[in-house]
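Dear colleague,

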Amino acid sequence: MRLYVKNMVCHRCILAVEQILQTMNYTAVAIQLGEVEIQEQLVEKELQHLRMQLEKIGFELLNDKERQVVTQIKSLLIGLLQSEQWTLETPLSSYLAEQLNRDYLYLTQLFSQIESTTIEQYFIHLKIERVKELLVYDELTLKEISFQLNYSSVAHLSTQFKKITGMTPTAFKQLTTPHRIQIDHL
């Protein structure tokens, strides 16, 4: 049985969901961001119990097919962004359409309708949060960060960063308590 779980944004989320499934004696066939496949076929009462357990730690079990697609889009984008040295040789639109086996026009209209933002704007916000994370770690230069996140230049990253946050990357880095947004709240 395939289930879609909202707010799974990192490897720890996968481990948390896996632990819940084990506690409930369900056999996970596959778990990835936003999607879980279990061996068992659950009846409504079991689904409700699983839903409650997931909600206790900030996840949401999705019933609505359209919301499931939006969650898949978000999971693909988060996974793409978190992969090591990712490059996007094909446009984001082609990547999503291919991965989800759906027309991109449908995907973008659905995403905008449900999320009140475009896929591109959501992805930009994800990238900016990743930039913030990397700036806080203070292990990479801004040039290395821009390269890692496929910005055309440091200037492009800086312009986009300032447009979203209202400050330059350098000013953000100098903050004593930098403000970051949790990815599941984007």
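The second largest pocket is lined by Gln 32, Leu 33, Gly 34, Glu 35, Gln 72, Ser 75, Leu 76, Gly 79, Leu 80, Tyr 95, Gln 99 and Leu 100, where a pocket is an open set of points on a 1 Å grid over the protein atoms alone at which a 1.4 Å probe fits, with protein on both sides within 12 Å along at least five of seven lines, and lining residues have an atom within 4 Å of a point. This is a predicted model, in which local features need pLDDT of at least 70 and side-chain atom pairs pLDDT 80 or more, while totals for chains, interfaces and linings use all residues. Residues are numbered from 1 along each chain as its sequence is written, and side-chain values use heavy atoms, without hydrogens and water.

The volume of the second largest pocket is about 210 Å³, and α3 provides the largest share of its lining, 5 residues; helices here are DSSP runs (H or I, at least four residues) numbered from the N terminus.

Helix α3 has 18 residues and reaches 26 Å from its first C-alpha to its last, close to the 26 Å expected at 1.5 Å a residue, the expected span being 1.5 Å times one less than the number of residues. Of the 18 residues of α3, 13 are buried (under 20% relative accessible area, with a 1.4 Å probe and protein chains only).

Glu 129 lies in helix α6, residues 119-137, and is buried, with a relative accessible area of 6%.

Best regards

Notes: Grid points are joined across faces, edges and corners, and a volume is the space filled by probe spheres set on the points. Helices (H or I, at least four residues) and strands (E, at least two) are DSSP runs, numbered from the N terminus. Buried means under 20% relative accessible area, exposed over 50%, partly exposed in between (1.4 Å probe, protein chains only).
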